Amino acid sequence: MAIVFNSNIPIYLQVKEDIEMTIITGLKKSGEKLDSVRDLALYYGVNPNTIQRALSELERSGLIFTQRAVGKYVTLDEELVKELKKRVSVEKVKEFISRMVELGNNQEEIIRLINQEMGEL
Amino acid sequence: MSDNLIQIENLSKSYGRSKVALSNVNLTLSSGKIIGLLGPNGSGKTTLIKVLNGLLKDYIGKLSIDGNPVGAYTKSIISYLPDESYFADWMKVNDAIGIFKDLYTDFDEVEALKILQRLNISPELKIKKMSKGMKERFQLALVMSRKAKIYILDEPIGGVDPAAREVILDIILNHYSEDSLVLISTHLISDIEKIFEEVIFLKNGAVEFHRNAEELREETGKSMDELFREVFRC
Amino acid sequence: MLKLIKYELIRSYRNYFMLFVVYLAVCVVVPFVANIDLLSDLFFLVFIVLVVGLSFSIFISIVMDFWKSMFSREGYLTLTLPLSTAEVLLAKLIAAFIWVVVASFVLLLGVFILCMLLLHVMGEGVSLSEVFEAFGIVIKYIDGETLLTIVLTIVALVVSGFQSIIYLYTCMSAVHTKLVRNARPLFAIILYFLGSLALSWILGLLGLNIDYTVSTLSEFNSLYIMQILISGLLAVAFFFTTAYIIDNHIELDA
């Protein structure tokens with residue numbers, strides 16, 4: 001079983017995000033063929049129609065394309081993937097910042113902490 | 001594919017004068033879907049399932065399964081997993097496989113043996129030596145090895161430990177096809193809700209609603225499990 | 001259909017075999033254990049007990065077998081098989097009848113063994129060849145008309161056998177409808193007896209009750225033919241009634 005789902009929000013969204021991650025992180029490369037709907041459904045343990053929906057969304061955003069009678073592939077448009085990576089990264093950073101601010105950190109402290117931890121990585 | 005495989009019109013069934021099991025149920029179930037029939041014990045789930053399988057008659061309303069009334073044909077296209085073990089105690093796994101092979105033309109023996117192996121059930125095992133959970137898994141293996149148009153599973157994961165549940169869900173998903181309909185009745189929702197495309201909430205014998213699960217999640221921000229608890233809170 | 005009958009037999013044979021073994025064992029043991037004079041009153045008592053015992057056991061087995069496979073949790077399988085109710089009933093009927101036939105042979109065999117052994121114990125042992133000789137003499141006395149009687153007797157027994165069994169099935173099915181919710185076995189028994197009474201009363205009204213006190217064999221034969229026809233019709237009627245009940249009014253709540 002792949003990821004643990006949060007059943008309170010639509011599952012197709014979570015599947016979509018997970019596939020996006022595999023593309024952003026390079027796990028699935030440009031032009032690489034995706035598993036079939038059936039295999040994805042088994043992998044994630046969800047209804048095949050949910051997978052379909054996730055894939056439709058990904059196709060709408062241009063991240064994947066369909067080759068008739070053959071299957072679905074990751075886009076060859078590397079710029080698009082970079083865009084997505086930037087977008088997701090910015091989202092994560094925003095999340096992080098709001099959490100840190102909640103804890104009572106100001107900008108200087110946040111940056112200092114980041115440098116400190118990144119130094120140790 | 002979405003033809004109306006099961007059509008239920010104004011179905012009502014009561015036991016005696018006091019107990020109403022089903023009250024004016026109207027449902028249309030299409031193929032290519034995995035549908036959850038959800039409700040607490042006594043909500044009419046089992047009654048509805050028995051009616052579909054021809055185990056209960058004397059009801060009001062109209063039933064159409066693949067365009068036919070309940071009979072030998074509809075029984076041949078439905079693969080039914082009841083909540084009870086329905087084999088005689090003295091039988092071995094092999095005997096049961098023999099019965100299915102002989103009486104159901106859509107039964108795939110190779111598939112059945114594969115699934116049984118996956119579930120660690122030996123063909124020589126005697127049914128009376130099986131634990132309750134094992135009996136259920138064994139029957140599930142046989143039921144899912146038929147290439148039926150309709151699968152009706154009554155509590156397929158009840159009495160099964162969490163590890164086995166994943167295997168069972170995997171088996172069910174494996175046998176999904178666009179040409180078949182899977183109707184699963186359960187009250188253990190959290191483990192299984194991610195495989196449902198649609199859910200039917202049955203309360204006191206009546207249909208509360210029949211909706212697409214993802215749409216419900218989007219609309220309410222709740223899981224089917226949470227919704228269930230809300231709807232059926234006494 | 002053949003496959004179905006095969007399964008019916010496989011499903012039930014353990015039970016019947018046990019009965020047969022017990023019965024034959026008793027037949028073998030009794031001569032050595034009890035001091036019985038052949039053709040004495042005690043002998044007849046033992047004989048009756050054995051015959052009634054076996055017959056009753058077979059009767060109960062047929063009833064329990066049908067009840068269990070149709071209306072208990074096994075019914076979930078039986079009643080959802082991709083077959084018409086008529087096919088299912090017919091297979092069970094034929095299988096049950098086969099057991100009755102087998103039981104009859106076992107019954108005769110047991111009595112035969114009992115007698116032979118008793119004779120031995122009493123010191124008047126008779127060899128098998130002597131028995132066959134006696135048998136041969138009897139057969140010589142069978143002429144055409146007697147043969148007809150024998151054949152008709154067999155046919156009548158067969159048809160009545162079917163009728164009795166299917167009537168049992170009808171009673172058992174009738175109590176698994178919405179008419180009866182509790183104490184089903186009790187109601188089935190009541191229905192069985194009341195139904196039998198009602199039936200003979202109706203037949204009496206129609207003048208169809210057969211009086212076997214006649215003198216000539218040919219009259220006997222024509223009576224037999226009537227009996228066969230009536231039983232046959234009843235058997236068919238009960239068969240379709242049972243199928244109708246199951247198809248339209250069944251309630252399985254195992």
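**Where chain B meets chain C**

Tutor: The contact draws 29 residues from chain B and 29 residues from chain C, where contact means heavy atoms within 4.5 Å. Keep in mind that this is a predicted model, so local features need pLDDT of at least 70 and side-chain atom pairs count only at pLDDT 80 or more, while totals for chains, interfaces and linings use all residues, and side-chain values use heavy atoms, with hydrogens and water left out. Residues are numbered from 1 along each chain as its sequence is written, with chains lettered from A and ligands numbered from 1 in the order in which they are written.

Two pairs of chains are in contact, and B and C share the most contacts. Together they bury about 2,700 Å², with 59% of it on carbon and sulfur atoms; buried area is the accessible area (1.4 Å probe) that two parts lose on being put together, summed over both. Four salt bridges cross this interface, a salt bridge being a side-chain nitrogen of Lys or Arg within 4 Å of a carboxyl oxygen of Asp or Glu. For instance, Lys6(C) pairs with Asp102(B) at 3.9 Å, N to O. There are also 13 residue pairs in polar contact between chain B and chain C, both residues at pLDDT 80 or more. (A polar contact is a pair of N or O atoms within 3.5 Å; within protein, one must be able to donate a hydrogen and the other to accept it, and residues adjacent in sequence count only if both atoms are side-chain atoms.)

On the chain B side that touches chain C, strand E1 (4-15), helix H2 (72-77) and helix H3 (93-103) each supply at least two residues; helices (H or I, at least four residues) and strands (E, at least two) are DSSP runs numbered from the N terminus. H3(B) gives the most to that side, with five residues. By class, the side of chain B that touches chain C splits into 15 nonpolar, six polar and eight charged residues. (Ala, Val, Leu, Ile, Met, Phe, Trp, Tyr, Cys and Pro count as nonpolar, Asp, Glu, Lys and Arg as charged, and the others, Gly among them, as polar.)

Now look at the packing. The largest nonpolar core has 140 residues, and Phe87(B), Phe138(B) and Tyr169(C) touch the most other members. Its biggest contributor is helix H4 (residues 85-121) of chain C, with 13 residues. A nonpolar core here is a set of buried Ala, Val, Leu, Ile, Met, Phe, Trp, Tyr and Cys residues joined through side-chain atoms within 4.5 Å; buried means under 20% relative accessible area, exposed over 50%, and partly exposed in between (1.4 Å probe, protein chains only). Leaving out residues up to four places away in sequence, Phe87(B) touches partners in both chains, including Phe100(B), Phe138(B), Leu142(B), Arg73(C), Glu74(C) and Leu77(C).

Against chain B, though, 19 residues of chain A are in contact with 21 residues of chain B. That pair buries about 1,700 Å², with carbon and sulfur atoms giving 47%. Asn8(A), Leu42(A) and Asn47(A) supply 30% of the area that chain A buries there, more than any other three residues. One salt bridge is counted between chain A and chain B, and the side chains of Arg53(A) and Glu218(B) meet in a salt bridge at 3.6 Å, N to O. The rule also finds 12 residue pairs in polar contact between these two chains, both at pLDDT 80 or more. On the chain A side, H1, helix H2 (37-44) and helix H3 (48-60) of chain A each give two or more residues. That side of chain A divides into 11 nonpolar, six polar and two charged residues.

One last stop in chain B is helix H1 (residues 45-52), which has seven of its eight residues buried. Those include two lysines, Lys45(B) and Lys50(B). Just after H1(B), Gly54(B) takes a positive phi of about 80°.
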